[in-house]
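Subject: Structure handover

Hello,

My notes on it come after.

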Amino acid sequence: MSLHLLGLLCLVVVAARRAGALAATTLRVGYYSETCPDAEQVVRGVIRVAMAREPRSAASVMRLQFHDCFVNGCDASLLLDDTPEMTGEKEALSNVNSLRSYEVIDEVKEALERRCPGVVSCADIIIMAARDAVVLSGGPEWDVRLGREDSLTASQEDSNNIMPSPRANATSLIDLFAQFNLTVVDLVALSGSHSIGEARCFSIVFRLYNQSGSGRPDPHMDPQYREKLNELCPEGGDGNVTGGLDATPRAFDNQYFKDLVRLRGFLNSDQTLHSGGVRTTRQVVERFSRDQEAFFDAFVTGMIKMGELQSEKKGEIRRNCRVANDPHLRALRSEF
Ligand code: HEM
Ligand SMILES: *[C@@H]1O[C@H](CO)[C@@H](O)[C@H](O)[C@H]1NC(C)=O
Ligand SMILES: *[C@@H]1O[C@H](CO)[C@@H](O)[C@H](O)[C@H]1NC(C)=O
Ligand SMILES: *[C@@H]1O[C@H](CO)[C@@H](O)[C@H](O)[C@H]1NC(C)=O
Ligand SMILES: *[C@@H]1O[C@H](CO)[C@@H](O)[C@H](O)[C@H]1NC(C)=O
């Protein structure tokens, strides 16, 4: 190859890397098949052990994908601890006293660093772990495209501005998801992740006692279910007490949608998909309540789309998911 051609090729590659959005083309199934062939088995093994120790960790780990990917792409920015120069995402409104199982991701990272140091990104670990949590909870299996890089920084402000409140209504959720090119079907299917896991009384007391400032409960609640929630979450009680997001919070299934149809949704943001007066979300809820396979298929589509939201910025392979490798390099690169 002539030197000229080689130079041109380099230019094109550099230009493509700078263009950020083009990074999506580098994601592929089996990305680590040569550099860390056992990576996917290692991740699954650690998630299995974590779930045996604490069943809820499946849900907690899966949720990390949502909170990472919606804030400047799937770049493990969520995992960075605060530093004197940077306030990260862990203390953001939707995350503080709520996100959990960061230590499970650390365990995966440590296992992978022992086997193939400096190869597998924390961002990819979140994507693999989320998939594995679903599979090991009885949900669908799918292939994940890998090759993400880890961010050098994180932004609490961005998380606060983006992540939805449990008070959100169907219209505002549709608008939010549309900003990420996620459809109404994606929104409803991804909300079906609440088929596993728990939420705090803090997230529902407003709808139990003062929905939209009315001084009354949300009318879209089955009376028996409301009684149960009143008992779990009395007015002025401990906001950290948790309840299951659906009637089978360890099993990944379509029970969540059956519950919504019977007005037994836990969060306002769940029940609104059925009862918020929006025909499109309601139809999808009803379909998924009758057809678990349709839910599983749409969920996989949604997780892949959400999991491929890209960061605009250049990254690295972090050695420890909680800290950027080199703070000096970080300062230099943000100038660049
Ligand atoms: C549609 C908008 C969404 C809203 C408003 C929302 C809101 C919430 C809230 C308020 C909680 C409970 C927090 C607490 O009380 O501590 C929660 C839990 C959870 N969320 Fe979401 N969420 C949404 C979408 C998603 C998506 C897309 C996923 C993943 C694909 C997800 C996965 C989870 C899981 C698994 C839990 C339970 C976590 C655990 O038990 O530790 N959520 N969500
Ligand atoms: C939905 O929520 C948004 C944002 O909080 C609000 O502006 C809007 O009025 C609400 N829509 C309905 C139908 O309640
Ligand atoms: C959504 O799609 C449009 C058009 O294809 C694209 O320009 C935009 O970058 C996408 N947005 C996100 C967040 O992926
Ligand atoms: C209910 O909420 C409204 C508006 O947020 C507030 O003004 C009112 O004081 C609350 N009522 C009670 C009983 O807490
Ligand atoms: C829950 O517990 C945390 C940590 O102990 C505490 O800081 C927080 O105020 C509690 N939150 C609620 C809503 O009670």
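The notes below cover the salt bridges and then the nonpolar cores.

Please keep in mind that this is a predicted model.

Salt bridges

The count comes to 20 salt bridges.

Arg-115 pairs with Asp-38, with 2.7 Å between the closest N and O atoms. Arg-115 belongs to helix α4 (residues 102-115), while Asp-38 sits in the loop between β1 (28-29) and α2 (39-53), so this pair links distant parts of the chain, 77 residues apart. Arg-115 is exposed because its relative accessible area, 52%, is over 50%. Asp-38, at 32%, is partly exposed.

Glu-40 and Arg-131 form a salt bridge at 2.8 Å, N to O. Here helix α2, which holds Glu-40, is linked to helix α5 (residues 122-136), which holds Arg-131; the two residues are 91 apart in the chain. Glu-40 has a relative accessible area of 28% and is partly exposed. Arg-131 has a value of 3%, under the 20% limit, and therefore counts as buried. Both residues also belong to a network of salt bridges that links Glu-40, Arg-44, Arg-131, Asp-132 and Glu-141.

Glu-149 and Lys-314 make a salt bridge with their closest N and O atoms 3.3 Å apart. Glu-149 is in the loop between β2 (145-146) and α6 (156-162), and Lys-314 is in the loop between α14 (292-307) and α15 (327-335), so the pair ties together parts 165 residues apart in sequence. Both side chains come from partly exposed residues: Glu-149 has a relative accessibility of 31%, and Lys-314 has 41%.

In soluble globular proteins, nonpolar side chains tend to be buried together. In this model the largest nonpolar core has 74 residues, and the members that touch the most others are Met-62, Phe-70, Ile-105, Leu-112, Phe-288 and Phe-299. Helix α5 gives the largest share of this core, 10 residues. At least three core residues come from each of domain 1 (3-163 + 313-333) and domain 2 (181-305).

What does Met-62 touch, leaving aside residues up to four places away in sequence? Its contacts are Ala-130, Ala-133, Val-134, Ser-193, Ile-196, Phe-252, Phe-299 and Met-303.

Another core, of 12 residues, lies apart from the largest one; Ala-199, Met-221, Tyr-225 and Leu-245 are among its members.

Regards

Notes:
Residues numbered from 1 in each chain as written. Chains lettered and ligands numbered in written order. Predicted model: local features only at pLDDT ≥ 70, side-chain atom pairs only at ≥ 80, totals over all residues. Heavy atoms only, no water. Salt bridge = Lys/Arg side-chain N within 4 Å of Asp/Glu carboxyl O. Helix = DSSP H or I, 4+ residues; strand = E, 2+ residues; numbered from the N terminus. Buried < 20%, exposed > 50% of the residue type's maximum accessible area, 1.4 Å probe, protein only. Core = buried A, V, L, I, M, F, W, Y, C linked by side-chain atoms within 4.5 Å. Domains from an automatic or database assignment. Contact = heavy atoms within 4.5 Å.
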